[in-house]
Structures are given as C-alpha cells and as structure tokens.
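Visitor: I would like to learn how to read a few features of a model. Please begin with a single residue and proceed from there.

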Amino acid sequence: MPRARPLIAATALVAALATALLNGCSAMKVEDFAGTTPELRIERYFAGRTHAWGVFEDRFGTLRRSFTVTIDGSWDGRELTLDEHFLYSDGETDRRVWHIVKSGDGRYEGRADDVYGTAVGRQAGNALNWNYELSMKVGEDRWRVRFDDWMWLQPGEALVNRANVYRWGVWIGTVSLFFLPEGRLATMPQAATPQAFPAVPPPAAAE
C-alpha cells in the first residue's frame, strides 16, 4: 500500500499531459504571425500564373500521392479567381476554380464547386490560415473532409503550404505544397517536372 499514492499521482500526471496534447493547447493562431515578413497578400501573390508541387501523406507518414498544380489567377479589386489544374503522378487530372472575396481586416471568404459552404481564411504577417470542408476523391469514392490549411510566404516569393486533413473529426493525413510564381521557375532544377514524380498507389478505402 505505501506505493499506491505515487502510482496514482503518476497516472494522473500522464492523463493530464495526454489531455493537454489532445486538446491542442499549443495550436497555432494566425495572430502569432502578426508583423512577420514578407507580408502575404494572396490577391497579389496569385495574380498571374503560379506553379506548385505537392504530396499527400497519410497519418502513418506514408506518401500516397504526388502532384503538380498550375494556377491562373486574376484579381479585379474585389474578387480573386484561381483556376487550378492538377496533374497527379499516376496521370490523373483534376480542376478546381476558387472565387475568393477579401472581406477586410485580413479576412477572406472562398467558394469552389467541390467545397461545402464557404471557406474562411484569416491572414496576419506572412501567414494565412484557411478552414473549409472539401469533397476529396479517394479511389472511386469521394470523402467529405475538413482542411486546416496554412500558408507561409518566404523570401524569394516561395510560398509553403501545409494542410492537415480530417474525416469525421479524425486526422487522416497531411497535404504539403510548395508554390512559385512562373517568373521564378528559371531558378528551379529541370528535374522538377510532373514526369519526375514516381507513381504511388492511392490511399486505401476506409474499412
């Protein structure tokens, strides 16, 4: 019996730490990036043609898909239109057209055909955080998933994008992208082409 109290205390400590981690007490907030540079304004960054290279990893860290994206953007002073063309390493193609409105004070709202409702974004400094639900193709099925999507603008006009993907509230994987305006492509190695990506199988359907 003398050891019971220390054991109970240790168990309580482990439970408290686990709860803190699950609650995401250290989760990023867009306000954390206020004042950071270079400042990200997506209506400026995506005006014109932009290229991106991306991967999707499942929650076990397994690379499931690689892809490239060509984005044609236009800004009319109120609405940003992004016409995105995807080419996957297995040869599949896809397209998404975003219509994004800047609502002031670093806030954006966006719509697309495969997005449920309205995507909501907030910007501060070099960062933008998007939250939205998307109809994502998985094999022959489509899953309704939620994206917690972060972008960070780096020196030299490189834009890093990382999005955690959730289904039914459970984290299922991460999408990582790297963007460059077309004028910066001269600095990229020739090997960074769609043909250079290895073919990888799509994620297995959920049981």
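Guide: Glu157 has a relative accessible area of 37% and is therefore partly exposed; buried means under 20% relative accessible area, exposed over 50%, and partly exposed in between, with a 1.4 Å probe and protein chains only. The model is predicted, so local features need pLDDT of at least 70 and side-chain atom pairs count only at pLDDT 80 or more, while totals for chains, interfaces and linings use all residues. Residues are numbered from 1 along each chain as its sequence is written, and side-chain values use heavy atoms, with hydrogens and water left out.

Visitor: Where is Glu157 placed, and what is its phi?

Guide: Most residues other than glycine have a negative phi, and most peptide bonds are trans. Glu157, in the loop between β8 and β9, has a positive phi near 70°. Strands (E, at least two residues) and helices (H or I, at least four) are DSSP runs numbered from the N terminus. Trp168, in the loop between β9 and β10, also has a positive phi, of about 55°. Trp168 is exposed, because its relative accessible area is 74%.

Visitor: Which peptide bond is cis?

Guide: The bond from Thr37 to Pro38 is cis, with omega near -5°. Pro38 belongs to the loop between α1 (4-22) and α2 (42-45).

Visitor: Is Asp83 buried or exposed?

Guide: Asp83 counts as buried because its relative accessibility is 18%. This residue is part of strand β3. The Asp83 side chain forms a polar contact of 2.8 Å with that of Arg95 and another of 3.3 Å with that of His85. A polar contact is a pair of N or O atoms within 3.5 Å; within protein, one must be able to donate a hydrogen and the other to accept it, and residues adjacent in sequence count only if both atoms are side-chain atoms.

Visitor: What lines the largest pocket?

Guide: Rolling a probe the size of a water molecule over the atoms shows where empty space is left. A pocket is an open set of points on a 1 Å grid over the protein atoms alone, where a 1.4 Å probe fits, with protein on both sides within 12 Å along at least five of seven lines; lining residues have an atom within 4 Å of a point. Here 36 residues line the largest pocket, and Phe86, Arg96, Leu134, Phe147 and Val175 lie nearest its centre. Strand β7 gives the largest share of that lining, eight residues.
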